[in-house]
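The following exercises are meant for a first course in reading protein models.

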Amino acid sequence: INSSRNAFVCLPPSIQQSSLLKTRLKIAYTISLTTTNEAYHEIHIHSTKLFLTKFISPVKSSCKKTFAYAVTTSGTTGRPKVIRVTEKSIIPNIKDLVAIFELSNNDKIAQLTPLTFDPSIIEIFISLSSASCLFITSNDLKNDPASLLTSIRRSRVTVIQSTPSVLMHRWSISTIFKDNRDLRIILLGGELLPDPEIFFNFKHNNCRFFNIYGISEVSCWASVTEIFPSSDKSDLGKLLSDTQFKVINENNEIVSDGEGELLIGSDTRICLLDNEKIEEIEAPVFRKTGDLVKIEKTGKISFVSRKNRMIKRLGHRINLQYLENHVNRLEIVKKSVAIFHPEKQTIHVFFTSKNEIKEDNLKEKLENEVLCCARELEAAYQPNGVYLIKSFDVNDHGKICFESLRKISENLKVSGEKVDVMGIFDQIWCNYLTKKNCGFISAGGSSIIALQMANEFSEITGIEWPELIGRLLKNETFESCRVYILRANSSFDRIENKVDQTIVKERPENSLENEKNIKLPKNSEKSLKVNENSILHENVDVNKVNNSIFKQYAEKADVNNLTSKTEREMEKNDWFWQKCRGRTIFNVKLQQTQIQYLNSLMDPMGI
């Protein structure tokens, strides 16, 4: 391909036409034809039709630079980008790695990386450049870890490149080295390295581990370091040929000692992003990695976290990577991931265990142990929930799929027992005020500060605290507010338990008399009763009370005592029914007229 002065690209099926045009694609093998292209030739491979396709209207390129291939980014940090890679960018990588790994025609290199992810280029071309053998498998075999490992052993593979997530998702370290003396290089990249010690408990003496770092925007790798039991897993290692590192702060100033964002650049290893033109670019070109690092005066650079792992919670900027690292210290934890929801201000921690867990009581015990570990940190770091899972899903590039965890956490009910309510309030108080031994106003508080504190407290705990602002503005002390919170929190738990125990079944049609006999426990009537001097803020699961029942009673509710203005407002906003239909768990916060209206609806139900 290179000798013909052409370039190649392996495209994911999901790529959009607009991105396709950015690759300057002229000819491609495809599995289907569209109205915008035509086939030169048709071939059959394993009963699959492939068309050698000519694209009718490719974007003409004015670039004179020789490109080796094009790739697309995964899109995990935004819109996927098309990257055109020059020969001068990738060939130094290939030469360096062949030399560092001492590859020869005696080696057999596993090609396990998806072809749409640029490390696959490294696997293919270090094999071609060293005259070694390339071990290629089908997707079906890749999805069968046991059979794949058997095939790797039988084929006597010597070099494997993988992300840590995929490697540990497929096999345990002990399984990889069982009856396998041929494997001599394991190359890990694309993610933060786990604790190095776990790789050395079972390996044979001939096998070496390497941690490799880079970004697709400067394809493919930028630095490499060999891993030993005592290695610093965050060390980015030594630069590869024709590569430069630069660390900048938020003001785009170069940092020589401290933390900042890492940029990777080069005078010659230059790739083009989307519609960039080579003649418009001045060397050296630096690309942002999105990684926060720490650079020392000696030049050593250590990974800190992804930039998007920095969040703001409870008025504090915190690093989710720090929380994960703290949890990962536990002997039982294999890997942990923290998911943050900015709207709810909640953190959910998912983790996998080093040992297989089958019993539910043991699962709960491990979750509590991880939760206790997380509570050692300050309140802003404390998670709303901790969950043991069997394994992490990975995306097409072999990295942990954060989106799947986000979807899971969105459906989880936050447990009040797993939130250190008092620790959070203590932290918020200290964030805004300097004293605890006097009243809120005396300690420097104001109406604005009271509102900010109450809002933050409600967001992080997921609970409304209707009396808190009033108590603060009455100059009550920290201890007085603490007593109120403790009393209110225990009340919420009792009410929620009573409501959860009452399940109202579907009403047969025309049997309203049966419905009239359905009531909550008598001792809950008073606690759930809403009057003009209180605000209903308990969690109510409306799925457990059929909406048709509410509707029937709403139609018969006596609203004559309400003013016409209130009636019109309620009809206009359809307030109550929006709440019932729109949210399964909802917090009701009402003004006096709304309280009266809700009472009129709930009285016939005996609530």
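Residues are numbered from 1 along each chain as its sequence is written, and side-chain values use heavy atoms, with hydrogens and water left out.

**Exercise 1. Confidence and overall make-up**

Task: State what average pLDDT the chain has, and how many helices and strands it contains.

Solution. 
- Step 1. The term pLDDT denotes the predictor's confidence in each residue, from 0 to 100. The average over the chain is 75, and 71% of the residues score at least 70.
- Step 2. Over residues 494-594, pLDDT stays under 50. Where pLDDT is low, the predicted coordinates should not be read in detail.
- Step 3. Helices (H or I, at least four residues) and strands (E, at least two) are DSSP runs, numbered from the N terminus. The chain has 20 helices and 25 strands.
- Step 4. Of the 607 residues in the chain, 48% are buried. Buried means under 20% relative accessible area, exposed means over 50%, and partly exposed lies in between (1.4 Å probe, protein chains only).
- Step 5. Contact means heavy atoms within 4.5 Å. Among the contacts in the chain with a separation of 6 or more, 62% are between residues 24 or more positions apart.

**Exercise 2. The pair H11 and H12**

Task: Determine at what angle helix H11 and helix H12 pack, and which residues make the contact.

Solution. 
- Step 1. Axes are lines fitted to C-alpha atoms, for helices over the stretch in contact, and angles run from 0 to 180 degrees between N-to-C directions. For H11 (residues 421-432) and H12 (residues 447-461), the angle is about 150° and the axes are 10 Å apart.
- Step 2. Angles under 35 degrees count as roughly parallel, over 145 as roughly antiparallel, 65 to 115 as roughly perpendicular and the rest as oblique. H11 and H12 are therefore roughly antiparallel to each other.
- Step 3. H11 contributes Val421, Ile424, Phe425, Ile428, Trp429 and Tyr432 to the contact, and H12 contributes Ile449, Gln452, Met453, Glu456, Phe457, Ile460 and Thr461.
- Step 4. Ala, Val, Leu, Ile, Met, Phe, Trp, Tyr, Cys and Pro count as nonpolar, Asp, Glu, Lys and Arg as charged, and the others, Gly among them, as polar. By class, the contact of H11 with H12 has 10 nonpolar, 2 polar and 1 charged residues.
- Step 5. Glu456 belongs to helix H12. Glu456 counts as buried because its relative accessible area is 16%. Between Glu456 and Phe425 there are 31 residues in sequence and 9.2 Å in space, C-alpha to C-alpha.

**Exercise 3. The pair H2 and H3**

Task: Find at what angle the axes of helix H2 and helix H3 cross, and which residues meet.

Solution. 
- Step 1. The axes of H2 (residues 87-100) and H3 (residues 119-130) cross at roughly 60° and come within 9 Å.
- Step 2. From H2, the residues Ile90, Asn93, Ile94, Leu97 and Val98 meet Ile121, Ile122, Phe125, Ile126, Ser129 and Ser130 of H3.
- Step 3. By class, the contact of H2 with H3 has 8 nonpolar, 3 polar and no charged residues.

**Exercise 4. Backbone geometry in loops**

Task: Locate the cis peptide bond that joins Ala283 and Pro284, and state where Asp274 is placed.

Solution. 
- Step 1. The bond joining Ala283 and Pro284 is cis, with omega about -5°. Pro284 lies in the loop between strand S16 (271-273) and strand S17 (285-295).
- Step 2. Asp274 is also in the loop between S16 and S17. Although Asp274 is not a glycine, its phi is positive, about 50°. Asp274 counts as buried because its relative accessibility is 10%.
- Step 3. The peptide bond from Ser219 to Cys220 is cis as well, with omega near 5°. Cys220 is in the loop between strand S11 (208-213) and strand S12 (223-227).

**Exercise 5. Two arginines**

Task: Decide whether Arg84 is buried or exposed, and which residues Arg406 is in contact with.

Solution. 
- Step 1. Arg84 is in strand S6 (residues 82-86). With 4% relative accessibility, Arg84 counts as buried. Arg84 and Cys271 are 187 residues apart in sequence, yet 5.6 Å apart in space, C-alpha to C-alpha.
- Step 2. Arg406 is in helix H10 (residues 402-410). With 26% relative accessibility, Arg406 counts as partly exposed.
- Step 3. Leaving aside neighbours within four places in sequence, Arg406 is in contact with Ile339, Phe340 and His341.

Note on methods
Predicted model: local features only at pLDDT ≥ 70, side-chain atom pairs only at ≥ 80, totals over all residues.
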